[in-house]
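Colleague: Before I rely on the secondary-structure terms in your notes, I would like to hear what stands behind each of them. Could you show me the model and take my questions in turn?

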Amino acid sequence: MRRLIRRSSRSGRERTRGQSLVEFALALPIFLLVIFGLIDLGRAVYVNNSLAEAARDGARYGSVQARSWDEDRRDDVEAWIIDRLSGVPNAVATVDCNPRNAGLGCTVEDIVVVTVQSEVEMITPIIGQILGPFSLEGRSEAVVQN
């Protein structure tokens, strides 16, 4: 007589667990890539907004300080802008006063131009290798009114 060998019902569960583990292993890298890609995108948006805000504030501050415009005043305004960008890596600020009459400094109704730049690197390895570091810029102008 032949005995029928029954497989235990546990082996079916083990197969299901193995299948779930394989599916999880295949889906996890894609899921993590999407999550870290969103984090990188959020960082880039944060840096862009910070640069734009610092440029606006710097142009306003520079237009108020423009009456006694010289190299030291320009350096002070640039340092003030960089201090506001503590969360932005590698930020560089450039302040320029475009006087109508060269050599007289900034006068009323001249334009103060502020440009703030930063280079952003992605933290996600695959995205960072594809895009590489890229530069973001914020620029603003203000009319000297004092």
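Colleague: Which residue of strand 3 stands opposite Ile-111?

Modeller: Ile-111 stands opposite Val-143 in strand 3, and likewise Val-112 stands opposite Ala-142 in that strand. This is a predicted model, in which local features need pLDDT of at least 70 and side-chain atom pairs count only at pLDDT 80 or more, while totals for chains, interfaces and linings use all residues. Residues are numbered from 1 along each chain as its sequence is written, and side-chain values use heavy atoms, with hydrogens and water left out.

Colleague: How do you know that strand 2 and strand 3 are paired?

Modeller: Two strands pair if DSSP finds at least two bridges between them, and here 10 bridges join strand 2 (residues 111–120) to strand 3, the two running antiparallel. Strands themselves are DSSP runs of E with at least two residues, and helices are runs of H or I with at least four, both numbered from the N terminus. Seven bridges likewise join strand 1 to strand 2, also antiparallel, and there Val-92 stands opposite Gln-117 in strand 2.

Colleague: What makes strand 1 and strand 3 the edge strands?

Modeller: The three strands form an open sheet in the order 1-2-3, and strand 1 (92–98) and strand 3 (134–143) each pair on one side only.

Colleague: Why is strand 2 called largely enclosed?

Modeller: Buried means under 20% relative accessible area, exposed over 50%, and partly exposed in between, with a 1.4 Å probe and protein chains only. Seven of the 10 residues of strand 2 are buried, so the rest of the structure largely encloses this strand. For the chain of 146 residues, 29% count as buried.

Colleague: How do you know that the length of helix 2 agrees with its number of residues?

Modeller: The expected span is 1.5 Å times one less than the number of residues; the 14 residues of helix 2 should therefore span 20 Å, and its end C-alpha atoms are 20 Å apart, which agrees.
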